[in-house]
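Here is a briefing on one protein model. Read it with the structure open. Points are grouped by topic.

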Amino acid sequence: MYFPTGDTSQRGRGRGLFMGGYTPAAYKSGIDAIQIQSLGNSITFGNLSHIDYAEGTSVASETRAVKGGKASGGNHIEYVTIATTGNAIDFGGDLTSARRSLTGISNGSRGVFCGGAPTIVNVMDYITIATTGVNAADFGDLTVTRRSQAAASSPTRGVVGGGNANPANSDVIDYITTATTGNATDFGNLTVGRRELGGCSSSTRGVFACGWKDPGAFSGEIDYITIASTGNATDFGDSVLARSGVQGTSNSIRGIFKGGASPTYQNAIEYVTIATTGNSVDFGDGTANAAVGMIHYGGCSDSHGGLS
């Protein structure tokens with residue numbers, strides 16, 4: 001007989017969280033949870049403290065998920081313990097600048113918040129995920145000023161792809177070494193420039209899905225990169241549904257993409273197997289938090305590629 005090791009907060013990893021969001025004419029504070037290794041609908045986890053928390057982003061360690069930014073352009077940060085359920089708690093520190101439409105990179109100990117709006121910026125700032133009561137500190141700058149981009153993480157490197165550089169959508173991919181500070185470096189380009197896409201990763205591969213592309217169309221493209229290298233993204237497959245405003249997370253084996261608009265708002269959850277290529281497959285649906293569909297979540301998990 002085998003008995004589980006570690007404390008209760010470290011057992012049963014494989015949980016993904018989707019935090020906040022926007023439904024037609026309404027911001028939502030709900031948090032949904034899924035078990036990524038299984039299939040099925042999400043469950044209600046709790047609530048964020050700020051109801052206008054659409055267009056923020058989430059970073060995570062094995063035990064804690066941290067949400068930064070909000071739709072009104074605030075600099076608020078709050079967190080939850082992933083293995084439990086319940087409402088978010090104030091982190092006790094703030095981002096270096098108030099913004100929305102940012103994305104997040106994490107390696108388990110550090111979370112990096114990248115880009116954002118309403119004034120489109122190239123700012124990156126970071127926190128130590130386990131430490132509350134401390135404001136984010138300046139990390140450096142992205143190569144391109146942009147908003148609504150997506151991210152992928154390995155234990156050493158964070159990658160940011162796509163976004164909107166006002167007025168055009170961007171196909172630029174940047175990377176950073178997460179444990180250091182400094183400006184991002186050019187990595188390559190996505191197969192299609194787009195904003196409001198979703199990102200996820202294993203420890204070796206990053207996957208970017210969907211979005212809104214020029215001259216004005218929903219994207220169903222899924223791309224992938226090898227995080228430790230540099231170069232342009234390669235076609236992975238296609239989403240079940242072309243849409244924008246989607247969010248991603250993973251358990252390092254399976255990549256999850258949730259929600260979006262096409263143009264009607266969606267509550268569908270899809271998945272891919274990150275190490276392979278191919279089209280996405282249906283996973284389940286969102287909870288009552290998003291029964292009519294939702295966009296602009298903050299997606300994260302306790303087992304993403306930055307933690308492997």
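**Rings, charges and cysteines**

The charged end of R64 is placed over the ring of Y79, at 4.0 Å from the ring centre. The model is predicted. Its chain has an average pLDDT of 91. The structure contains nine aromatic pairs and zero disulfides.

**Confidence**

- A pLDDT of at least 70 is reached by 94% of the residues.
- Residues 1-11 are another matter: pLDDT stays under 50 there.
- For residues 1-11 the model has seven contacts beyond four places in sequence.

**Y126 and its partners**

- Nine aromatic pairs turn up in a search of the whole structure. Among them is Y126 with F139, an edge-to-face pair.
- The ring centres of Y126 and F139 are 6.1 Å apart, and their planes stand at 85 degrees.
- Y126 belongs to strand β10 (residues 121-128), and F139 to strand β11 (residues 137-141). The pair therefore ties together parts that lie 13 residues apart in sequence.
- Y126 has a relative accessibility of 19%, so this residue counts as buried, the limit being under 20%.
- F139 is buried as well, with a relative accessibility of 3%.
- R110 also meets Y126: R110 lies over the face of the Y126 ring, 3.9 Å from the ring centre.

**Other ring contacts**

- W212 and F218 make an edge-to-face aromatic pair. Their centres are 4.8 Å apart, with 75 degrees between the planes.
- W212 is partly exposed, at 22% relative accessible area. F218 is partly exposed too, at 25%.
- Y22, Y27 and Y265 form a cluster linked by ring pairs.

- C200 is buried, with 3% relative accessible area.
- C300 is in no disulfide either. Its nearest cysteine sulfur is that of C200, 13 Å away.
- C300 is also buried, with 4% relative accessible area.

**S153 in strand β12**

- S153 sits in strand β12, which covers residues 150-153.
- Is S153 buried or exposed? Its relative accessibility is 6%, so S153 counts as buried.
- A polar atom of the S153 side chain lies 3.3 Å from the backbone nitrogen of S106.
- Beyond its neighbours within four places in sequence, S153 contacts I105, S106, G158, S201, S202, I227, G305 and G306.

**D238 in strand β20**

- D238 is part of strand β20, which spans residues 234-238.
- D238 counts as partly exposed, at 40% relative accessibility.
- Which residues does D238 contact, leaving aside neighbours within four places in sequence? They are G220, E221, I222, G278, N279 and S280.
- D238 and A209 are separated by 29 residues in sequence. In space, their C-alpha atoms are 8.0 Å apart.

Conventions: Residues are numbered from 1 along each chain as its sequence is written. This is a predicted model: local features need pLDDT of at least 70, side-chain atom pairs count only at pLDDT 80 or more; totals for chains, interfaces and linings use all residues. Side-chain values use heavy atoms; hydrogens and water are left out. A disulfide is a pair of cysteine sulfur atoms within 2.5 Å. Buried means under 20% relative accessible area, exposed over 50%, partly exposed in between (1.4 Å probe, protein chains only). Helices (H or I, at least four residues) and strands (E, at least two) are DSSP runs, numbered from the N terminus. A polar contact is a pair of N or O atoms within 3.5 Å; within protein, one must be able to donate a hydrogen and the other to accept it, and residues adjacent in sequence count only if both atoms are side-chain atoms. Contact means heavy atoms within 4.5 Å. Rings of Phe, Tyr and Trp (its six-membered ring) pair if their centres lie within 6.5 Å; planes under 30 degrees apart count as stacked, over 60 as edge-to-face and the rest as tilted. A charge sits over a ring if NZ of Lys or CZ of Arg is within 6 Å of the ring centre and within 35 degrees of the ring normal. pLDDT is the predictor's confidence in each residue, from 0 to 100.
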